[in-house]
Amino acid sequence: MKKKCFFETQILKLKNRRSYAIPDLKRVLNSIERSWFFCLLWLLTKTGVVYSQQQESFKINWQTPQYQESELGEMMRLQAPQLSVNEEGKPVFFINLQQSKPIQKVQWLKTEVMLMPETWGPAIASIQSISDTFEIETVKFEDRRIISTGLLVCPIRKNVLGQIELLVSATVEVIVDEKSTESESMSAEKSASHSVLSSGSWFKFGVTADGVYRLTYENLQSNGILSSSVSSASIKLYGNGGGMLPEPNAQFRYDDLYENAIKVEDGGDNSFDPGDYILFYGQSPHRWYRDTDGKYKYAYHLYADTTCYFLTVQGSGGKRMSSKAEDAGTPFYSTSTSDETYVVSQKKTNLIKSGRAWFGDYFNYTTSYTYPLALPDAVNGSTASARVQIASRCVSCSTTMVAKYNGVQIMSFPVSAVGPSYNAPFANYGSSNAGFTISGTQHTIDLIRQSGQEAWLDFIEINYRKQIHLSSGQTFFRDSTTIGKGLVSYTIQSPSNAIIWDITNPLRPSRQQATSNGSGYKFQVIADTLREYIAFMPNSYYLPSFMGQIPNQDLHAMTAETLSPDLIIVTHPSFLAQAQQLADWHTVKDGMKVHTVH
């Protein structure tokens, strides 16, 4: 018979009794309360859940807002020690809890606030939304190789009267899970002890566009990589794909170079000889990502125009592409169209000769520009969308921009004026989204400055639908309408010798098996996520650029326990003296162990 806690038994008794005296009820309820406490204590003990509480009090010494540099000039910011700005432009105050256990709950115990002076208004003008509560979140960070937990507090809120309040002082209570092993597992998740580049001969190649690339035996021989036949299994390719590293430290990034799966065509003799070649999937440094609104957004790489891959010929067991069979069953959904994108992103002008924001066409005396759109295989009659962003400068007056698709207006949007002060932002951003219907085979966007003084194009992004079609070269396809549809059938119009790769994981591509249907191919797969493919014709491969042999390097070895650096400064040789000066300053001022690398 299953045993019950005492309070469960008493509840059952109460349910079965038709009447009872009030004193009896009080006695039973008291028993239930005591029993519940002991059962809960027993449960927590058995499951190993033990919580502790700690209180943190802090004070924010607000100061008169100051102007700070931004991409569009100087902007007024709220000022206080330990205050920084998050990705949304909101001020945040950091509290180091000096422990690494997971936080179960954070609650305010007491707060002291002040009304923000009206003259400080420009300091919050760039914040799009201000909450009616003081927002607080927990964050993990690493300080001198020790993982800790902290709090980020947004110390501004809007009260019921619409006034802005600033947090002056507060006390919070933090509930900590003392028995959790999460912090232990995070601490154990150390980086590699050595870089893959620490030994052997390594050669760097660059790519600038997404696609399938080929390196032949002759390519490697002419670049001094090979002098004779080698074992096919010794050929290895490393790289982490395209795109910028994430700015938030908490987001995923590869600890070291990652070995990519490649295809080696060696005639089946396991020897890489003249006439043999390697195929791999390469990515542009500039990426498209699917946002929460379902639209694809363009992420221009601010620091690189080439994605690098690293080749070595050593050892054995190089990773190879696999072949992916079709999934069996009756499809629930069929598609022959794909999501597609196009972008106009010119990088001609930096408005203030500082920062990382670069813009395109200048709308001044020339008030309008026409942009041809290359939308191959676009589905006539389908709905597309455009997102336009510009920067404008008009002192004490607003700017109005109008966009037209094939001569028909699809959007009009204002951009606010800049202030007359010498230290006001040089320009303001403005953007808008609009849908339109694809028509014809020629497509243009006209962008017009209807009012204002000056404007600069930032970008035009187009999301549209296209037929999955390949006649030559290489083409990509992905269909967000298939997500969660179960078994999905894809149809592609192509020659009979076309090849299809699944590139959902660009570092682990696989050959997708498909069935010929007379006018191309069909294949069916489970659409549990957004799957991405590339179809291409044999011998339509791209050639990566050879960037030379690189010396061995081992940054990971610098993090060995015997050295324990607190800071590694990576610099160009031209700035080595200045980097060493900075390293010496941190050594003397902070007692840090610093390495400089060039």
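Which strands do the buried residues of α5 pack against?

Modeller: They pack against β41 (567-570) and β42 (594-597). Before we zoom in, a word on what you're looking at: this is a predicted model, where local features need pLDDT of at least 70, side-chain atom pairs count only at pLDDT 80 or more, and totals for chains, interfaces and linings use all residues. Residues are numbered from 1 along each chain as its sequence is written, and side-chain values use heavy atoms, with hydrogens and water left out.

Now for the helix itself. Helices here are DSSP runs of H or I with at least four residues, strands are runs of E with at least two, and both are numbered from the N terminus. Helix α5 covers residues 576-590, which is 15 residues. From first C-alpha to last, α5 reaches 20 Å, close to the 21 Å expected at 1.5 Å a residue (that expected span is 1.5 Å times one less than the number of residues).

Which side faces in? Ala579, Ala583 and His586 are the buried residues of α5. Down the helix axis, these buried residues fall within an arc of 60°, so they line one face of α5; the arc is taken from the directions between the helix axis and the C-beta atoms. By "buried" I mean under 20% relative accessible area, by "exposed" over 50%, and by "partly exposed" anything in between, using a 1.4 Å probe and protein chains only. That buried side is the one packing against β41 and β42, where a contact means heavy atoms within 4.5 Å.

Turn to the face pointing away from the buried side and you'll find the exposed residues Ala577, Gln581, Val588 and Lys589. Then, just after α5, Gly591 takes a positive phi of about 70°.

Of its 598 residues, 42% count as buried. Among contacts with a separation of 6 or more, 77% are between residues 24 or more positions apart.

The structure holds one disulfide, meaning a pair of cysteine sulfur atoms within 2.5 Å. Cys394 and Cys397 form it, with their sulfur atoms 1.5 Å apart. Cys394 is buried, at a relative accessible area of 1%, whereas Cys397 is partly exposed, at 25%.
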